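Biologist: Please take a close look at the aromatic rings in this structure. Which rings pair, and where do charges sit over them?

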Amino acid sequence: ARSDQRVLDMYESRLAASKFGWLWLFSNPKIPGTGVDEIWQRSDQKEWAVTCVNGHAEILRWPESVDAERSVFQCAKCHVELSDDDRRRGQWLQTAPGRAISGYHVSHLMAPWKRAAEIISGSLDKDAATFHNFVLGNAYVPAERMLSPADFRELVDPQGAVRTANSSMGVAVGIVKHYVGLSESGVLRIGKPEYLRVKKLCRRV
């Protein structure tokens, strides 16, 4: 299960009295630009870099660092096999140096106890989002499900929508309530009302 962001915010507020105020966040990224990926994008983005026997230094990537035919890890430049020790003897490389947040990208590719066959099998057996999120440690959303900020604003922009006899309203009744009012012509209104305002909003939609 994913962590409740409100609980995380509460934990962070408790660091206010600490003279150190250190905060460690460990998670699998999910949607690009949100959650831990948003923090990663603001970090120094350290990647695990390894060196092959021919002296080529590189960051392990999928699928370039895996030879599916030989079922081995390989150097993406010269295609020589990377041993478990080659992957173990890597070092962290800052790809966005100078940033205040220290970030580390961890994936199964860098784990010496993981076989190339397992990575290949995961790419075939798991759905794409699970493979990218939990095996490669990358934020990922299939292109057909990706909405740009402009697309989202266009969908929820109430400009031009008018109330009709078939107007309706939906409310997500969690601790924080979210609502959306709809008509045949589009979105009428959207927001997070206080509990006592829900009935009033229902009458207005």
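Modeller: Here is a walk through the ring pairs and the charges over rings. This is a predicted model, in which local features need pLDDT of at least 70, side-chain atom pairs count only at pLDDT 80 or more, and totals for chains, interfaces and linings use all residues. Residues are numbered from 1 along each chain as its sequence is written, and side-chain values use heavy atoms, with hydrogens and water left out.

The structure holds 5 aromatic pairs. Rings of Phe, Tyr and Trp (its six-membered ring) pair if their centres lie within 6.5 Å; planes under 30 degrees apart count as stacked, over 60 as edge-to-face and the rest as tilted. One of the pairs is W22 with W24: the centres are 5.9 Å apart and the planes stand at 80°, so it is edge-to-face. Both residues, W22 and W24, are exposed (over 50% relative accessible area; buried is under 20%, partly exposed in between, with a 1.4 Å probe and protein chains only). Ring pairs also join F20 to W22 and W24 in a cluster.

W92 and Y104 form another pair. Their ring centres are 4.9 Å apart with planes at 80°, so this pair is edge-to-face. W92 sits in strand 5 (residues 91–94) and Y104 in the loop between strand 5 and helix 4 (116–125), so the contact ties together parts 12 residues apart in sequence. Helices (H or I, at least four residues) and strands (E, at least two) are DSSP runs, numbered from the N terminus. W92 is partly exposed, at 32% relative accessible area. Y104 is partly exposed at 47%.

Y104 also has K46 over its face, 4.3 Å from the ring centre. A charge sits over a ring if NZ of Lys or CZ of Arg is within 6 Å of the ring centre and within 35 degrees of the ring normal. R87 lies over the face of F73, at 3.8 Å from the ring centre.
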